[in-house]
Amino acid sequence: MKLNFNYDGNIACRAILQDQLEKLDIKYQLLDLGQIEISDDVSEESFAELEISLKKYAIHIIDNPKGQLIQKIKDAIIEIVYEKEKFPNITISQYLSDKLNFRYGYITNVFSEYTHTSIENFIIIQKIERAKKLIIEEELTLTEISHELNYSSVAYLSTQFKKVTGLTPSMFKRIVDKRRQLSNNE
Amino acid sequence: MITHQDSMHILLADDDEDDRTFFSEAIQELKMNNKLTLFKDGNELMDYLVHPDIKLPHVLFLDLNMPGKTGIECLKQIRANTRFKDVSIAIYSTSSSEKDIEDTFIEGANIYITKPNDFSSLKKVIQEVVNMNWQFHSSGLNIETFFFST
């Protein structure tokens, strides 16, 4: 029997962190996305164990400061793309520099130096990623999706979708549906 | 997740020697740090992939028309094995038919590239693909709904 399911990556990640930290008896506090505070008296041995046990779930501890800044920028962008109602009247550049306490120029430079893409492009990729989920999981229409993702028009959303995926949204949906049929028939 | 210090591991299976040469020259000229492994047909590729202790590639470029095992056969076999679920598969073919594009995407390909005729377009397209693939791997995006064609 095959089941389709959806999941929330953030909740799953938090649950994994809680399980693993408790297993190693490390005192912790979950902070923002992608950040935890652990007590300073953790031995090197159990820190190494933690690193290994998280690796299994593709969770990597980032310990260089620029890597941490990149992760914070990505998390903030994802927050904006997924919870736009929280940010009614603020531009992304304003939000990023307020939240991270750096000039926007510095933020964009660090970002493109380390990620091989620009912040603008990363935002587009994240928005299209969300559009894909809305098409598959919520079966929303393009008009609903363009509203949800703050696009000025359906045509603009379609153009961007095609640029990022090479497919029209309807071709995308047809391919995903056929893939599922194929794997259900096996 | 990969960070900027890691190199991207790329495989190419193509029976045409000139195409393999152009491809590796294009990869070498990219700014990113990449490791490329070449295979001259589908059988050679599959023999390599069955080894349990290889480091899995981030992306595999697959020619469609190859003697022995075709690109489509390799694609089906790789996608039937969950061990390779995080490997992006890029079809690298002379065909630009909509049907080939759709069929290979349905069978589990992520990227479709029509082989360009000149070196500068090849470099440009490989750069785009490698960058897009990097975004998916380094940000933990869903490979299952990753599609890109140029």
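In chain B, strand β4 (residues 88-93) is joined by 4 bridges to strand β5 (residues 111-114), and the two strands run parallel. Two strands are said to pair if DSSP finds at least two bridges between them. The strands themselves (E, at least two residues) and the helices (H or I, at least four residues) are DSSP runs, numbered from the N terminus. In β5(B), T114(B) is the bridge partner of S93(B). A crossover is right-handed if, with the strands pointing away from the viewer, the path from the first strand over the helix to the second runs clockwise.

The model is predicted: local features need pLDDT of at least 70, side-chain atom pairs count only at pLDDT 80 or more, and totals for chains, interfaces and linings use all residues. Residues are numbered from 1 along each chain as its sequence is written, while chains are lettered from A and ligands numbered from 1 in the order in which they are written.

**Strands β3(B) and β4(B)**

Strand β3 of chain B (residues 59-62) is joined to β4(B) by 4 bridges, and these strands run parallel. β3(B) also pairs in the parallel sense with β1(B). The parallel pairings are listed below.

| Strand pair | Bridges | Direction |
|---|---|---|
| β1(B) and β3(B) | 4 bridges | parallel |
| β3(B) and β4(B) | 4 bridges | parallel |
| β4(B) and β5(B) | 4 bridges | parallel |

V59(B) in β3(B) is the bridge partner of I10(B), and F61(B) stands opposite A90(B) in β4(B). Together with helix α3 (residues 71-79) of chain B, β3(B) and β4(B) make a right-handed β-α-β unit.

In a regular strand the side chains alternate between the two faces of the sheet. In β3(B), V59(B) and F61(B) point one way, L60(B) and L62(B) point the other way, and all are buried. A residue is buried if 20 or more other C-beta atoms, placed from the backbone, lie within 10 Å of its own; with 12 or fewer it is exposed, and in between it is partly exposed. In β4(B), 6 of its 6 residues are buried: S88(B), A90(B) and Y92(B) on one side, and I89(B), I91(B) and S93(B) on the other.

**The nonpolar core**

A nonpolar core is a set of buried Ala, Val, Leu, Ile, Met, Phe, Trp, Tyr and Cys residues joined through C-beta atoms within 7 Å. The largest has 63 residues, of which L62(B), A90(B) and I91(B) touch the most other members. This core draws at least three residues from each of domain 2 (64-116) and domain 3 (124-186) of chain A, with domain bounds from an automatic or database domain assignment. Beyond four places in sequence, the residues that I91(B) touches include L62(B), L64(B) and I113(B).

**Chain A and its contact with chain B**

Chain A has 9 helices and 2 strands. Buried residues make up 19% of its 186 residues. The contact between the chains takes 20 residues from chain B and 21 residues from chain A, where two residues are in contact if their C-beta atoms, placed from the backbone, lie within 7 Å. On the side of chain B that touches chain A, α5(B) gives the most, with 4 residues.
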